[in-house]
Amino acid sequence: MDTTEENVTCDMSYLGILLDIQKYFGLSDGKTGLLQTVFTLCYMLAAPIFGYLGDRYNRKIILGAGILFWSGVTLGSSFITESYYRIFVLSRGLVGIGTASYSTIAPTIIADLFEEGKRTTVLSIFYIFIPVGSGCGYMLAAGMAKSTGDWHWAFRVTPCMGGLALVLLILLVPPRIQRRTARHRALSISGTRRGADETPGVPRTAKTTWCQDVGSLAKNCSFVWSSLGLTAMAFVTGALGMWVPLFLYRAQLVQGIVPPCLQESCNSSNSLIFGGITVGTGIVGVIAGAEAARRLRKMYKKADPLICATSMFTSSLCLYTALMLAQTSILSTFIFIAFGELFLSVNWAVVTDILLYVVTPRRQSTAIALQILLSHLLGDAGSPYLIGAISNALQARGAPSFQSSFRSIQSSFAICAFVGAFGGAFFLLTSLYIEGDRREAERP
C-alpha cells in the first residue's frame with residue numbers, strides 16, 4: 001500500500017509544476033498535453049505484457065524491477081535542458097512503462113497475500129492510496145518548486161520515495177506467494193465471496209492460452225461495459241489532472257487576481273490546493289463508494305453499476321458548473337471541482353470490485369491489464385492532448401489575449417462533462433448483464 005502511494009506520487013508530480021515546464025520548454029497547449037499522452041500510451045501498451053508475466057512468473061520480482069526502472073528514469077529526466085524537449089517526452093514514456101508494472105501486478109499480489117477477512121479492508125485501502133498519491137504528487141512538486149525556486153528538484157525528490165517503496169517491497173512481501181486455493185478464495189472489495197480456481201473434489205481447470213483468455217473476456221458483457229465506463233472516467237480524470245491548475249491560473253488572470261507568470265518560478269498555489277482537494281476527495285470518495293456498495297448490494301444485486309452510473313452523471317454536472325463559474329468566482333469553481341472529483345472517486349474501488357467478481361481468478365491479471373489498455377487507449381491517453389489541441393485551434397482564431405486563452409481552455413474542457421455522461425450510460429448497460437456474468441464467474 002505504501003508502495004502504491006509512492007509510485008503514484010512520482011508519476012503525477014510533474015503535473016503540479018506544469019506551468020513551469022510549459023514556460024521552460026516554450027510549449028503550446030497541444031505540446032504540453034502530449035507529455036501526458038506519451039506517458040499514458042506507453043503505460044497502456046506495457047500493461048498487457050505485465051499482465052501476461054504476472055499470471056505466469058514471480059510477481060514480486062516484476063514489481064521490484066518496474067519500481068527500480070521508473071525511479072531511475074525520473075531522476076535522469078531532472079537533468080534534461082530546455083533544448084531537449086523530445087528527450088523529456090521520451091522520459092515520460094519510459095516512466096509509463098515502469099508504472100504499468102505495479103498497476104497491473106499490485107492488486108493481484110494483495111489478493112494472494114491476504115485471506116478473506118483482511119482482503120476486503122486491504123483492497124479498499126489500496127484504492128484509497130491511488131488518489132492520495134496523486135494529490136501528494138501535486139503538493140510535493142509544487143512545494144519543492146516553491147522552496148527551491150527550481151522545478152527540476154521535484155524530479156530529484158520523488159525517486160527517493162521510489163527507493164523507499166522498493167525497500168518496503170523487499171521487506172514486507174514474501175519471496176514466493178501462494179496463489180488461490182480452496183481456503184484462500186477470491187473476495188471482492190465489498191466482501192462478496194467468489195468462486196475459486198481449486199475446489200475440493202473438483203478437477204483443476206485446464207490452463208488456457210492468452211488468446212483464449214482474451215476471447216472469454218470479450219464475451220463478458222459486464223467486463224466490457226464496465227471497462228468502457230472506466231474509460232470515460234479515465235478520460236475525465238486525465239484531463240482534470242493535466243489542465244485544472246492551468247485553467248484556474250488563466251481564470252485568475254482574467255479576473256486580475258494574479259499577475260502573468262514572468263518570474264523564474266510560477267505561482268504554485270493552484271496546484272497545492274488542487275492536490276489537497278484530490279487527496280481529500282479521494283479518501284472520502286473511495287470509502288463512501290465501498291461502503292455504499294457493501295450496504296446497497298444486500299438490498300439490490302445490481303447496486304454496483306448503478307452507484308457508478310449515478311456518480312458519473314453527478315460528477316459531470318458538477319464539473320460543467322465549475323467551468324461556467326470560473327470567470328466570476330474562483331471559490332465556487334474550486335467547490336464544484338471538489339464535488340466532481342468526489343463523485344469520480346466513488347467509482348474507483350467499485351469498478352475494480354465489479355471486475356473481481358465477474359471474472360474468474362485465473363484470468364484476473366489479464367483482465368486488469370486489458371482494462372488498463374482499453375481505458376487508457378480511449379481515455380486519458382488522448383484527453384490531455386485533445387484538450388490542448390482544441391484549445392490551440394480556438395486561440396488561433398483570434399488575437400492573443402488573456403481572455404482568449406481562458407475561453408479556449410474553458411470551451412475545450414467542456415468535452416469532459418459530456419464524456420462523463422456517456423460513462424454513466426455505460427454503467428447503466430453494465431447493470432443489465434452483471435447478475436448473469438457473476439453466476440458464470442462463480443462456476444468451478
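Is R297 buried or exposed? R297 is buried, with a relative accessible area of 10%; buried stands for under 20% relative accessible area, exposed for over 50%, and partly exposed for what lies in between (1.4 Å probe, protein chains only).

**Basis of the model**

This is a predicted model, in which local features need pLDDT of at least 70 and side-chain atom pairs count only at pLDDT 80 or more, while totals for chains, interfaces and linings use all residues. Residues are numbered from 1 along each chain as its sequence is written, and side-chain values use heavy atoms, with hydrogens and water left out.

**Overall architecture**

The protein has 17 helices and zero strands. Both are DSSP runs numbered from the N terminus, helices being H or I with at least four residues and strands being E with at least two. Of the 444 residues, 58% count as buried. A contact is defined as heavy atoms within 4.5 Å. Among contacts between residues at least 6 apart in sequence, 83% join residues at least 24 apart. The accessible surface comes to about 17900 Å², and carbon and sulfur atoms account for 67% of it; such areas come from the Shrake-Rupley method with a 1.4 Å probe, and for residues only the protein chains shown count as cover.

**Confidence**

The predictor's confidence in each residue is given as pLDDT, from 0 to 100. The average for the protein is 80, and 84% of the residues score at least 70. Over residues 1-10 pLDDT stays under 50, and over residues 181-202 pLDDT also stays under 50. Where pLDDT is low, the predicted coordinates should not be read in detail.

**Salt bridges**

A salt bridge is a side-chain nitrogen of Lys or Arg within 4 Å of a carboxyl oxygen of Asp or Glu. The structure holds six salt bridges, including those in the table.

| Pair | Distance, N to O |
|---|---|
| D29 and R250 | 2.8 Å |
| E291 and R294 | 2.9 Å |
| R297 and D353 | 3.5 Å |

The side chains of D29 and R250 meet in a salt bridge. This pair links distant parts of the chain: D29 belongs to helix α3 (residues 29-54) and R250 to helix α9 (residues 221-255), 221 residues apart. Both D29 and R250 are buried.

E291 and R294 are separated by about one helical turn, because they are three residues apart in helix α10 (residues 269-296). E291 is partly exposed at 29% relative accessible area, and R294 is partly exposed at 25%. A network of salt bridges links E291, R294 and R295.

The side chains of R297 and D353 also meet in a salt bridge. R297 lies in the loop between α10 and α11 (303-325) and D353 in helix α12 (residues 330-358), so the pair ties together parts 56 residues apart in sequence. D353 is buried, with a relative accessible area of 2%.

**Individual positions**

Q371 is found in helix α13 (residues 364-380) and counts as buried at 6% relative accessibility. Leaving out residues up to four places away in sequence, Q371 touches F223, S226, S227, L230, V351 and L355.

A106, in helix α5 (residues 85-113), is buried with a relative accessible area of 9%. Beyond its neighbours within four places in sequence, A106 is in contact with S101 and F126.

L171, in helix α7 (residues 154-172), is exposed with a relative accessible area of 65%. Together with V167, I170 and L172, L171 makes a nonpolar surface patch of about 430 Å².

How values were computed: Patches are made of residues with over 30% relative accessible area and no salt bridge: like charges are joined within 9 Å, nonpolar side chains (Val, Leu, Ile, Met, Phe, Trp, Tyr) within 5 Å.
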